[in-house]
Amino acid sequence: MHLIDLLLVFLAFYPVVTGAAWMVGGVLFRVLEEGRGPVRPPAGWPGVTVLVPAYNEEQVIARCVEALRRVDYPELQVLILNDGSKDATVAAARAAAGDDARITVLDDGVNLGKADRLNDGMRRARHDLVLVTDADTHLHPEAVRHLTARMMRSPRYAAIAGSPRVTNRGGVITAMQMLETASLIGLMRRTHALAGRVGTVAGVLGLFRRDAVLAVGGYDAQMATEDIELTWRLLEAGHLTGFEPNALVGMEVPQTVRGIWAQRTRWARGQGEVLRTHGRRICHPRHMALWPIALEALLSYVWVLTMLVATVYGVVHWIRFPEDTKFQWMLAWGVGIAVIAMLQIAVATAVELRLDPKLPYACLLLPLYPLAYWTINALAAIFAQTKGLVRGPREKRVVWDLPRSPS
């Protein structure tokens with residue numbers, strides 16, 4: 001068998017195998033782990049500190065703080081960490097906090113970057129359990145209880161990921177991100193959580209054991225995706241990471257092509273940096289439990305490159321040998337992969353329906369999703385993940401550079 005034939009086999013079966021694994025894992029987690037309310041730990045509810053890093057968030061910080069005021073939890077400390085904002089973020093946050101004694105707005109006038117600002121917040125936190133969320137989120141009143149109940153199931157858990165919901169649902173781009181959150185992120189996290197190896201406890205909502213985070217060095221300010229990199233270091237240290245789908249948080253996502261491109265290239269660059277930084281250590285037999293998530297991250301990138309090579313090869317081969325049916329078979333299998341993607345979204349919608357009853361409306365865009373949205377992610381991987389794999393992390397700390405869509 002020629003090399004191109006091997007690549008075509010990989011191209012054909014990788015999305016089918018992974019899609020099937022995520023669907024089975026997602027359904028198993030839904031049946032075995034979901035649907036129950038937050039169970040009070042035997043020793044009572046431990047104290048939780050909430051960290052909200054903010055930079056030029058004047059437009060959205062008030063809604064975030066108002067949602068935090070409605071959180072139902074007995075022992076809560078909230079720290080709004082202003083990171084040298086140039087707008088009225090501090091004034092808006094303090095006005096929204098009002099007389100709520102649980103909320104403190106910290107402002108030292110210095111711009112440290114998100115990673116170092118969170119590290120500073122970890123050291124300032126009064127409680128051992130620290131919840132991290134973004135300034136443009138809207139936390140569900142019961143989210144902290146759900147996360148804490150999941151964390152207290154085992155002392156081996158160092159971090160639990162929450163369940164984000166897209167709140168700005170007025171356009172095609174945002175609707176497709178609803179589909180992605182359910183069909184890809186939701187099913188993947190459920191599948192990984194069955195083994196206690198969730199590969200990303202994202203900054204949008206995650207609960208951490210502070211001592212575990214500080215013991216591995218905290219967030220790395222040079223990484224484009226500091227949350228992914230921290231999660232991998234926690235896993236390398238022998239901790240478990242989990243997922244709590246009932247811990248809901250509303251989030252605003254990019255509404256423009258420019259915004260989604262900036263977001264995806266940052267994520268892709270960060271994934272490449274993490275693979276380059278941790279690849280050699282992950283290969284050690286003592287980290288065998290992490291091989292599936294590392295291999296999945298690497299193979300998804302290889303699949304994108306293979307798709308590019310196969311497309312160019314197929315077009316050239318068809319032009320030279322129009323009577324050869326190989327190109328036609330490639331197109332037919334591409335349609336088959338799109339069908340698998342739609343089946344995956346259908347399963348994800350069924351799994352998520354309890355948490356997001358309006359998700360089926362986004363499924364009206366299913367014909368666009370595999371073609372248009374995969375193209376954006378594939379191009380981001382080619383341009384940005386390659387750079388992260390080749391160059392590694394930047395020499396200077398990462399700054400806040402994502403454009404915000406108008407409210």
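My working definition first: on a 1 Å grid over the protein atoms alone, a cavity is a set of points where a 1.4 Å probe fits but cannot get out, and lining residues have an atom within 4 Å of a point. Grid points are joined across faces, edges and corners, and a volume is the space filled by probe spheres set on the points.

Note on the source: this is a predicted model, where local features need pLDDT of at least 70, side-chain atom pairs count only at pLDDT 80 or more, and totals for chains, interfaces and linings use all residues. I number residues from 1 along each chain as its sequence is written, and side-chain values use heavy atoms, with hydrogens and water left out.

**Entry 1, cavities.** How many cavities of 30 Å³ or more does the structure hold? I find 2. The largest cavity has about 50 Å³ of space. I list P164, R165, V166, R169, M178, T181, A182, D356 and L359 as its lining. Strand 6 and helix 6 (172-193) each put at least two residues into that lining; helices (H or I, at least four residues) and strands (E, at least two) are DSSP runs, numbered from the N terminus. By class, the lining splits into 5 nonpolar, 1 polar and 3 charged residues. For that I count Ala, Val, Leu, Ile, Met, Phe, Trp, Tyr, Cys and Pro as nonpolar, Asp, Glu, Lys and Arg as charged, and the others, Gly among them, as polar.

Around it I see S163, P164, R165, T181, I185, G186, R189, F243 and E352. Strand 6 and helix 6 are the elements giving two or more residues to this lining. Which element gives the most? Helix 6 does, with 4 residues. The classes here are 3 nonpolar, 3 polar and 3 charged.

I trace 8 strands in an open sheet, order 3-2-1-4-7-6-8-5, with mixed pairing; two strands pair if DSSP finds at least two bridges between them. Strand 5 runs antiparallel to strand 8 (residues 240-251), with 3 bridges joining them. One bridge I checked pairs H138 with G250 in strand 8.

Helix 5 (residues 143-151) lies across several strands, including strand 5, strand 6 (157-166) and strand 8, and runs at about 175° to strand 8. Contact means heavy atoms within 4.5 Å. Axes are lines fitted to C-alpha atoms, for helices over the stretch in contact, and angles run from 0 to 180 degrees between N-to-C directions.

How values were computed:
On a 1 Å grid over the protein atoms alone, a cavity is a set of points where a 1.4 Å probe fits but cannot get out, and a pocket is an open set with protein on both sides within 12 Å along at least five of seven lines; lining residues have an atom within 4 Å of a point.
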